[in-house]
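Colleague: I am new to this one. Could you show it to me and let me ask how you know what you say?

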Amino acid sequence: MKDTPDILKILEKDIKIPERVNEKAEEAFRKIYAECEDKGKTADDVKIRSNGKRRKRTAVYIAAAVIAVSAVTAVAAVLKWSESLSDGLQASEEQMKEMENSGMNTFVGQSCEDNGVTITAVQSITDNYYTYLAFKIDGYEIGGGEEPAIENVDVTVDGEDNFSWNAGFWDGTVSNNEGEPVTVDGERLKTDENGRVIMNYVMDDGSMEYRMILFNNKERGYFLNKPIHVEIENLGTSQKAGYIPGIEGRWSFDWTLGGADDTLVFEPDMPLGDSGATVKQMEISPLSIMTVYDFPRREVVEECVDENGKPGTLTRYAEPPEAKGVRLKDGTVIKYLYGGPGGGGYEEEDSDIYLSLLNADRVIYPEEIESVLFLKPSDEYGDGLTENDFYEVHLNDMK
C-alpha cells in the first residue's frame, strides 16, 4: 500500500488543528473521498495506476477513514479548556460548546520549554473588545502560602500594544451573585491561623495557570483575527517586598486570536432616573457589555488629599450610573458582574456621548438576559446592594 503514506500526510496536515475539530474532520474526509465522486463511481469502482499496475483503492480509503476517525477522536480529547477560563468564567458545557462553534474560542496548544519549565498557551477567547489568554505552567513548584509571579510579560497584537491588560495566576476563586469571593463550588474562602485567606494556585495535576485579559474600548473588533505575540520572562513569587526571583527563563508564543462578533445590540433610549444619563445603546456579548449614553457634561468638585498630606479639591466630570449586573429570564439576579479591566469616558472632547465598557466575570449569553442593572449614585449602600440600589433597563425584544 504505497499510497498510504501520502494519505497520512494529508491527514496529518488536516487533523493538526487547534480549533473547529468537526469542520476539519469533514474536510479531511472530503479529500479522502474526492476521487470516489468522479462521475458517480464508488470507491470499489475507482482504480488507479501505480508503478504501471492497476489496483483498487478500497483498502486505502477504508484505512484512511479509520485513521481520520482515530485522529479526530484523539484531537478532541486533547483540546480541553483551561481551568482558569472554564471554571474561572463559570461556563457551562453548553456555553463552552457555543463559544467553540461561534469562533470566539481558539485552542492554541503551543508549548515552550526552558530551564525545566514548560509553559503552554492553552487557548484564547475573543470578542469585539476583549481577549482572554490562558497559559498552563508545568515544572515550577512553589511553597505553601506562596503566591506565584512572573517578572516580565511582553504582549503585542498585530505588532502593536494599543490596549490595556491585567493578568494573574488562577487561584480557584470566583464571585457569587452578590459579588462575594467564593470557591468554584460556591463555598466561602478559608483562612489560616493568622486570618489570611488561603489561595489555591496549584491544580490537581501539579500545574498552575496564568490568565491575561486584554481590552481596547476605543476600536470595536480590535482583536478579531489578529496575530498575537506573548513573551514571558522569569518565574518567582510575590511578597510584600515585591517580586522574589525563582527560575530564570524565557517562553515565547505566537498565534492568531480568531474571535467572533457574537453580540446583540439593544437601543432602549431610556433615562436613568434623575441622573441625567440616558441609555441609548447596549452592545452585549457573552463576555462584555458596552453601553452608550447621552450624558451632558457636568463638573463636580471633590475634596482630596495630595501626596504630601495637604488637603485640597479636585474638579472632574460626573460619571453616569454604570452597568453592574443583570436579571436573567429565569429570575436569577446577578448584582455584580465586573471581572476587570474596563473603563469609561466621553467619545470626543466636545461630545456628550459617553461610553462605558463592562467586562463580565462569567459567561452569559445576551439571549438569557431580561434586563441590565445600573448602579444608582450614592454615598453609601448599607451592608449590601439591594435591587432598589439599581436602575433596571429591560431589554425585551429590542435589537
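Colleague: Which ring face does arginine 297 lie over, at 4.0 Å from the ring centre?

Modeller: The face of tyrosine 346. Bear in mind that this is a predicted model. Arginine 297 also has its charged end over the ring of tyrosine 317, 5.0 Å from the centre.

Colleague: What makes 5.0 Å count for tyrosine 317?

Modeller: The distance cut-off for a charge over a ring is within 6 Å of the ring centre. The charged end of arginine 297 is 5.0 Å from the centre of the tyrosine 317 ring, so the distance passes.

Colleague: Which residues do ring pairs link into a cluster?

Modeller: Tyr293, Phe295, Tyr317, Tyr346, Tyr354 and Phe374. The structure holds 12 aromatic pairs.

Colleague: How do you know whether tyrosine 222 is buried or exposed?

Modeller: Buried means under 20% relative accessible area. Tyrosine 222 has 4%, so it is buried. Phenylalanine 223 is at 0% and counts as buried too.

Colleague: What makes phenylalanine 295 and tyrosine 354 a pair?

Modeller: Ring centres must lie within 6.5 Å. Theirs are 6.4 Å apart. Their planes stand at 85°, so this pair is edge-to-face. It links distant parts of the chain, 59 residues apart. Phenylalanine 295 is in the loop between strands E16 and E17, while tyrosine 354 is in strand E22. Phenylalanine 295 has 2% relative accessibility and counts as buried. Tyrosine 354, at 6%, counts as buried as well.

Colleague: Which residues have the most contacts inside the largest nonpolar core?

Modeller: Leu133, Phe135, Leu214, Ile228, Val230, Phe253 and Trp255. That core has 30 residues. Strands E3, E4, E5, E6, E10, E11 and E12 each supply at least two of its residues. A second, separate core has 28 residues, including Phe374 and Tyr391.

Colleague: What is tryptophan 255 in contact with, beyond its neighbours within four places in sequence?

Modeller: Among others, Val108, Leu133, Phe135, Ile228 and Val230.

Colleague: Why do E6 and E12 stand at the edges of their sheet?

Modeller: The order is E6-E11-E12, in an open sheet with antiparallel pairing. E6 and E12 each have a single partner strand, so one side of each lacks a neighbour in the sheet.

Colleague: How do you know that E6 and E11 pair?

Modeller: Pairing needs at least two bridges. E6 and E11 have 10, so they pair. Glutamate 147 stands opposite serine 238 in E11.

Definitions and conventions. Residues numbered from 1 in each chain as written. Predicted model: local features only at pLDDT ≥ 70, side-chain atom pairs only at ≥ 80, totals over all residues. Heavy atoms only, no water. Core = buried A, V, L, I, M, F, W, Y, C linked by side-chain atoms within 4.5 Å. Buried < 20%, exposed > 50% of the residue type's maximum accessible area, 1.4 Å probe, protein only. Helix = DSSP H or I, 4+ residues; strand = E, 2+ residues; numbered from the N terminus. Contact = heavy atoms within 4.5 Å. Phe/Tyr/Trp six-rings, centres within 6.5 Å; stacked < 30°, edge-to-face > 60°. Lys NZ or Arg CZ within 6 Å of the ring centre and 35° of its normal.
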